[in-house]
Amino acid sequence: MLTKNKAWTLPSPFDNKGNYVISLSQLVRWMSVKAEELGVEVYPGFAASEILYDENQIVAGVATNDVGIAKDGSKRETFQPGVELRGRITLLAEGCRGSLSENIITNHKLRESGQGQHQTYALGIKEVWEIEEGKHKPGSVVHTVGWPLDMKTYGGSFLYHLDDRQLAIGLVVALNYRNPFLSPYDEFQKFKQHPAIRTLLEGGTVLQYGARTLNEGGFQSIPNPVFPGGAIIGCSAGFLNVPKIKGSHTAMKSGMLAAEATFKALVEGSSMDLYWENLKKSWIWDELYRARNYRP
């Protein structure tokens, strides 16, 4: 726990022993090669921008957006019209607050038929640093609460030592903060100036930076993920474990469960509701149920 100039060690609410500190972007690049070797077609660089429906209002696929359009709306030489990708089952895995997923959740009232509560969000800002050799402890994990956030603002930091002298550092700030002048980016800059953090970063260089939103509603905010013609998986449905600040493991498991249900739907003609039923029997449900009161 941080105060302005001090750092106090607290008992950790979770255990990371035996886990691996890796780059998720490197992992998914590796996985895409493996998937393509199995015959999966991957189309990077194209965003799905529209849901396609059949005459019975069942989801029949997605359409990608047009590319090569100038600011004034005219078509450039590089213009390419969007394409329709149709399928018997459509799985939406757009990450936190995916635009198509949110439309489906609203139109089909999936929150009401699920756990019922609205979703809540946080903003995570992250940098990857290369630090001095003597300060680097591969596999070390540190989380902080407290300063620079005030007592009315939910949030905290993470700090992971990767290999090759690399360090992933970030600050997560819940978006229900009371102070309208608070800037999560500026709070992150303050955080890096704390004596316990600054000494670690001095002499290092920033290699990468980015930001993303996180679902924080947890167990209470899980919608019914099944709609006519498909299902919602991963952070689009909201399976993030808030105290761990981790959702990749639950996202992957939800994808596996949806894949199994999809296979049965295509081969045996069964309902995609099997995905929702199996989700409630899986360790995702147990893990998120145990963590349900952490954020509230």
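Gln 57 is exposed, with a relative accessible area of 51%; on this scale, buried means under 20% relative accessible area, exposed over 50%, and partly exposed in between, using a 1.4 Å probe and protein chains only. The model is a predicted one, where local features need pLDDT of at least 70 and side-chain atom pairs count only at pLDDT 80 or more, while totals for chains, interfaces and linings use all residues. Residues are numbered from 1 along each chain as its sequence is written, and side-chain values use heavy atoms, with hydrogens and water left out.

Back to Gln 57, which sits in the loop between β1 (48–53) and β2 (59–64). Helices (H or I, at least four residues) and strands (E, at least two) are DSSP runs, numbered from the N terminus. Gln 57 has a positive phi of about 60 degrees although it is not a glycine. Pro 148 belongs to the loop between β8 and β9. For context, most residues other than glycine have a negative phi, and most peptide bonds are trans.

Next, the sheet. An open sheet is formed by 3 strands in the order β1-β2-β5, with antiparallel pairing; two strands pair if DSSP finds at least two bridges between them. β1 and β5 (84–86) stand at the edges with a single partner strand each, so one side of each has no neighbour in the sheet. Neighbouring strands here are turned by 30 degrees against each other on average, direction ignored. Between β2 and β5 the antiparallel pairing runs over 3 bridges, and Gly 61 stands opposite Arg 86 in β5. Lying across β1 and β2 is α2, which runs at about 35 degrees to β1; axes are lines fitted to C-alpha atoms, for helices over the stretch in contact, and angles run from 0 to 180 degrees between N-to-C directions.

Ser 236 is in the loop between β13 (230–232) and α5 (248–268) and is buried, with a relative accessible area of 2%. Not counting residues up to four places away in sequence, Ser 236 touches Leu 92, Ala 93, Glu 94, Gly 95, Cys 96, Gly 98, Ser 101 and Ile 105, where contact means heavy atoms within 4.5 Å. The Ser 236 side chain also reaches the backbone nitrogen of Glu 94 at 2.9 Å.

In helix α3 (residues 184–192), the buried residues are Pro 184, Glu 187, Phe 188, Phe 191 and Lys 192. They cover an arc of only 140 degrees around the axis, which puts them on the same side of α3; the arc is that of the directions from the helix axis to the C-beta atoms. Their cover includes β7 (121–130), β8 (141–144), β9 (155–161), β10 (166–174) and α4 (195–201). Lys 192 itself is buried at a relative accessible area of 11%. Leaving aside neighbours within four places in sequence, Lys 192 is in contact with Glu 127, Trp 129, Ile 169, Ile 197, Arg 198 and Leu 201.

Note on methods: A polar contact is a pair of N or O atoms within 3.5 Å; within protein, one must be able to donate a hydrogen and the other to accept it, and residues adjacent in sequence count only if both atoms are side-chain atoms.
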